[in-house]
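I open this notebook to record what I looked up in the structure. Each entry keeps to one topic.

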Amino acid sequence: MNKPVLRAEGLELSFSGVKAADNVNLEVREGEFLAIIGSNGSGKTTFLNMCTGYLRPESGKVYLGDAAITGMAPRRIARRGIARAFQIPQLFTDQTLLTNVMLAIASRRGIFQGLRRLDRTAYIDEAHELLALFSLEDHAETIAGTLPEGLRKLADITLALALNPRLLLLDEPTSGVSALERFTLMEKLMAALKARQMTALFVEHDMEIVTRYADRVVVWDAGRIIAEGDPKQVLRDPQVIERVVGAV
Amino acid sequence: MSRLLVLFAAAAVLALLILPAAMPSSQFIMTIAIAKGFAALGVALLLRGGLISIGHAMYFAIGAYATAFMMKFGVLADLALLLIGSTLVTAVCGLVFGTFLVRFRAIFFAMLNLAVSMVLFALLSKLYGLTGGTDGMRVATPAVFGLELDKAAFDDILYYVCVGLLVAIGLLIRAYLKSPLGYALMSIHTNEIRLEYLGVSAWSVTLIAYTISAALAGLGGAMAALTIGHVLPEYAYWTESGHLVLTAVLGGIGGVAGPFIGSVFLEAVHVLAVDVAADAWNMILGAALLAVIFFLPHGLHGLLEKRAEPRKSQGVVE
C-alpha cells in the first residue's frame, strides 16, 4: 500500500451545535484518485476547508506527509504542496486567462522576482501548455470574468495544476460543466494527473464519474465517514444507497 | 506600451524640458505639479489594489518635514542627499504604519489612514517648539553637489531633477506593475482568497505596495518643501489627502503617467480659474472635474488608452 500524502486524525468541528466534522479519520494515499461523496451539508467542503487552512478544527490533526499542517494559513499549506480548485471558480476576473495562469506559475516559483516581467517567454509557454490541457488556448486572451461558467471551472482547475502540487483538492470539478462535456473533462484531468503523478481528492455528486474514475470512495453523512472502499462495492451498500446515493 | 503612448510620453517629456525657457512663469507650478504627481502616483498604486487611502498626505508631509529638519540641523544638506534621505525616512514610516494598516480593507483602511494622518497633523500643529506649530518651518536653499547656489539657479536645477526623476521613477514603477508582484497587487482587488491559495501572502504584497506608495509621496513632499522653501502642518490635512485621491482618479490609474497628467491638469485649471474668476475658481475647478468624471470614467489617461485601443486590436502594438 502506498504511503499517505494527507492524513486527518480525529477532526472535529461544529457550527452552532451542528457537527460538520465528527471524529473524521482519513488517509489520502500517494498516487490515488480519491472521491468524497455525501448529501448536501454533510461536511465534505468543510473537510477540504480544514485541510487547506480555511477552517481550523476544534480538535484533531491534519498531516501532509509527516508534517502537521493543522491551522496553518492557506498560503503556507499551498506552498507545502496542497492546491485547491473551488466549487465556485476563484479567478482574477478582470485579467486575461493567460495572465491568471502566468500569475499562478509565478506564485509557484516565488512571487518576489524583482522587476522581471510576468509575461516572459518561459511563463507564456508554460501557461499555454497548461491551458492546452483543457483546450482553453483559444480563450487565453479572454478576460477571465467574461468566460462561461464551465470554462471558468476549467480555468480554476488549471490554476491549481499550475502550482504542480503534491495533492490536488477538487471541489465538484464537473459541476457547471455540461453533461456532454463531463467525461471529456475528466479524461483530460485524469491524463494530466497521471502525467504529473499527482495525488488528488475530489468531491463529487455524479456517481457515474465516481465509479468510472475514482480509485477509492469515502462516503460522508452528517460530518462522519460512514463507508469507504472500492467505488463499485461501496455504492451497492444499502446504507449508502439509502442515506447518500438517493439524496445527491 | 503602444506607440501612441510612447510618442505621447516622449512629447510630454520634451515639452517639460523646454517649458521653463518658453514660459518661465510656469516652472514653479510645474515643479509643484510633479511633486504632487508623485504623491498621487503613490495613491494610484494603492487604488490598483482596490485600497483607497484618505490619509496619504501624511507621507507628503513627512517627506517635506524630513527635508526641513535635515536642513535645519545641517544633516545631508545637499539636494540629492535630501531627496534620498527624505524618501527613505518616509518609506520607513510607511513600512511601520503599513505593518498595521494593510491588514484592513475598504472603508476601514481608508478611515484608519485618515485617523493616522490627522494625528500627525495635530502633532505638527501643536509641537510648536519642534515644528514651529501652525507657522511651519522654513527650508533654506541647499547646496547641489557641494555648490552653493542662489534660489533662482537652485530652482532651475531642482526643476530638471524633478523631470529626470519623473522619467526614471516612472519607468521603475511601470516595471514593478508589469512584474509578478505588480499583478499580485492588482489581484488583491479582484480575488485575495485565490491569491492566498496560490501560496502568496496578500499582506506582504500590500505592505510592499504601501511602502512604495509612502516613499513616492515622501519624495513629492521633499520636492515641494525645497521648491516652496517652507513647510506647513496643512500638508498633512485630510483635504490634501482627498486632493491626492482626486488627482489620481482624474488622471487615471491605468498607467503611471495618469497621476502626473491629473496633477498638471489640476494645477493648470486652478491657475487659469484664479486668473479668470478669482472669487469663483472653486466652481470652475469643480465643473472641470465633473466634466472629466462624467465623460472620461478612466481619467485623462484613459483618453490615450482609448486612442491606442484600435491599433492594439490589430496587433500593431505589443
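Entry one, a single residue. I began with A:I36, which I located in strand β3 (residues 33–38) of chain A. The model I consulted is predicted. Is A:I36 buried or exposed? I counted 27 other C-beta atoms within 10 Å of A:I36, and since 20 or more make a residue buried, A:I36 is buried. Leaving out residues up to four places away in sequence, I listed the residues that A:I36 touches: A:K44, A:L201, A:V203, A:V218 and A:W220. I also looked up A:I225, which is 189 residues from A:I36 along the chain; their C-alpha atoms are separated by 9.5 Å.

Entry two, the nonpolar core. I noted that the largest nonpolar core has 171 residues, and that A:V101, B:A61 and B:A64 touch the most other members. Helix α9 (residues 202–228) of chain B gives the largest share of this core, 16 residues. For B:A61, I set aside neighbours within four places in sequence and found contacts with B:L120, B:L124, B:G221, B:Y235 and B:A236.

I found 25 residues from chain A and 19 residues from chain B in the contact. On the side of chain B that touches chain A, α7 (151–178) and α8 (180–197) of chain B are the elements that give two or more residues. The most come from α8(B), with eleven residues. I recorded this side of chain B as ten nonpolar, six polar and three charged residues.

Conventions:
Residues numbered from 1 in each chain as written. Chains lettered and ligands numbered in written order. Predicted model: local features only at pLDDT ≥ 70, side-chain atom pairs only at ≥ 80, totals over all residues. Core = buried A, V, L, I, M, F, W, Y, C linked by C-beta atoms within 7 Å. Buried ≥ 20, exposed ≤ 12 C-beta atoms within 10 Å, placed from the backbone. Helix = DSSP H or I, 4+ residues; strand = E, 2+ residues; numbered from the N terminus. Contact = placed C-beta atoms within 7 Å. Nonpolar A, V, L, I, M, F, W, Y, C, P; charged D, E, K, R; others polar.
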